[in-house]
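Please read this briefing alongside the sequence and the coordinates. Overall architecture comes first, and individual residues follow.

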Amino acid sequence: GTSMDGVDLSIIKSDGYKEISFTYNEYFEYDPGLYKQIVSIRDMVLNNSDLVRYSNEIDLLERNITFFHAKIINQILSKFNHKIDLIGFHGQTIFHNPKSKITKQLGDGNLLSQLVNKTVVYDFRQADIVNNGQGAPLTPIFHYILVNKIVEKYKLELPISILNIGGISNVTQITSLSTRIENNLLALDIGPGNCLIDQWIRNNSKLNFDENGKIAKSGKIDKLILNQAIENFEIKNYSKSLDIKDFDISFVRGLSLEDGCSTITEFTAYLIAEGIKFLNKGNSNKFLFC
């Protein structure tokens with residue numbers, strides 16, 4: 001996803017509605033060279049024409065990302081005797097613009113299928129956008145199944161929302177658990193997650209992220225700059241999905257590493273809180289934070 005730090009691999013069994021079980025979960029970090037290549041390309045691609053302008057560099061990176069995934073999958077397949085029906089291949093997001101009906105995830109599904117000798121389902125974000133979605137079709141379905149399990153175990157009442165703070169913060173709100181999933185959930189982005197903090201840390205230090213918020217905790221929030229940023233930036237409409245490129249961190253230019261990180265963290269929390277207010281609107285909505 002937008003965090004660009006590595007690959008999460010899970011072996012999952014599900015009926016797509018109520019039942020889900022996990023056989024295996026593991027995280028594989030990108031090696032430093034591949035990570036730098038991804039960040040560089042992501043920062044170069046600012047619009048649709050850049051996808052054409054840098055097509056050679058993008059194709060090379062896509063091949064490297066595909067081989068990285070193939071190595072992981074073959075490594076896991078050699079460990080487990082489970083029958084794997086298919087591989088769901090997300091790929092690495094480098095550009096997302098649902099308004100232009102373009103979202104670019106790097107990963108060659110056909111090549112991966114050859115390398116792992118399995119059926120591979122891929123490019124589902126683009127397929128979702130073509131069908132008038134916002135390009136993130138899997139997370140809401142997964143959240144729907146999770147909420148089904150949570151309600152059953154803890155006897156909670158709906159609506160329940162799951163807030164996932166990744167690179168971008170997205171929420172799935174479940175209002176009912178009948179079989180027509182698409183009629184019973186609302187899924188949307190509500191603001192940045194870790195993307196602005198990560199960008200500030202990468203630009204101003206040798207680190208890739210603020211582990212456990214230590215840097216932000218050691219700084220002071222610049223209230224004047226924060227209030228100006230809040231006045232100048234408002235998410236007026238949550239109907240369109242958000243991308244890292246919808247935000248920038250220029251408002252903290254000139255601050256120290258610690259104070260800039262602290263101020264950006266507060267700004268991010270403010271935007272998430274505003275998104276929660278938008279969703280809550282007087283009902284007894286419960287939020288689960290990830």
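This is a predicted model: local features need pLDDT of at least 70, side-chain atom pairs count only at pLDDT 80 or more; totals for chains, interfaces and linings use all residues.

Residues are numbered from 1 along each chain as its sequence is written, and side-chain values use heavy atoms, with hydrogens and water left out.

**Overall fold**

- The protein chain contains 10 helices and 10 strands, these being DSSP runs numbered from the N terminus (helices H or I, at least four residues; strands E, at least two).
- Its radius of gyration, taken over C-alpha atoms, is 20 Å, close to the 19 Å that the globule rule (2.2 Å times the number of residues to the power 0.38) gives for 290 residues, so the chain is as compact as a globular protein of that length.
- The C-alpha trace spans about 60 × 50 × 35 Å along its principal axes.
- Of the contacts (heavy atoms within 4.5 Å) between residues at least 6 apart in sequence, 65% join residues at least 24 apart.

- Of the 290 residues, 42% count as buried, where buried means under 20% relative accessible area, exposed over 50% and partly exposed in between, with a 1.4 Å probe and protein chains only.

**Cysteines**

- A search of the whole structure finds 0 disulfides, a disulfide being a pair of cysteine sulfur atoms within 2.5 Å.
- Cys261 is in no disulfide, and the nearest cysteine sulfur, that of Cys195, is 13 Å away; Cys261 counts as buried at 1% relative accessibility.
- Cys290 is exposed, with a relative accessible area of 55%, and its sulfur is 17 Å from the closest cysteine sulfur, in Cys195, which is too far for a bond.

**Two further residues**

- Asp189 lies in strand 9 (residues 185–192) and is buried, with a relative accessible area of 14%.
- Leaving aside neighbours within four places in sequence, Asp189 is in contact with Ile168, Ser169, Asn170, Tyr238, Ser241 and Leu242.
- His82 is found in the loop between helix 3 (55–77) and strand 3 (87–89), where it is partly exposed, with a relative accessible area of 42%.
- The C-alpha atoms of His82 and Ile276 are separated by 41 Å, the two residues being 194 apart along the chain.
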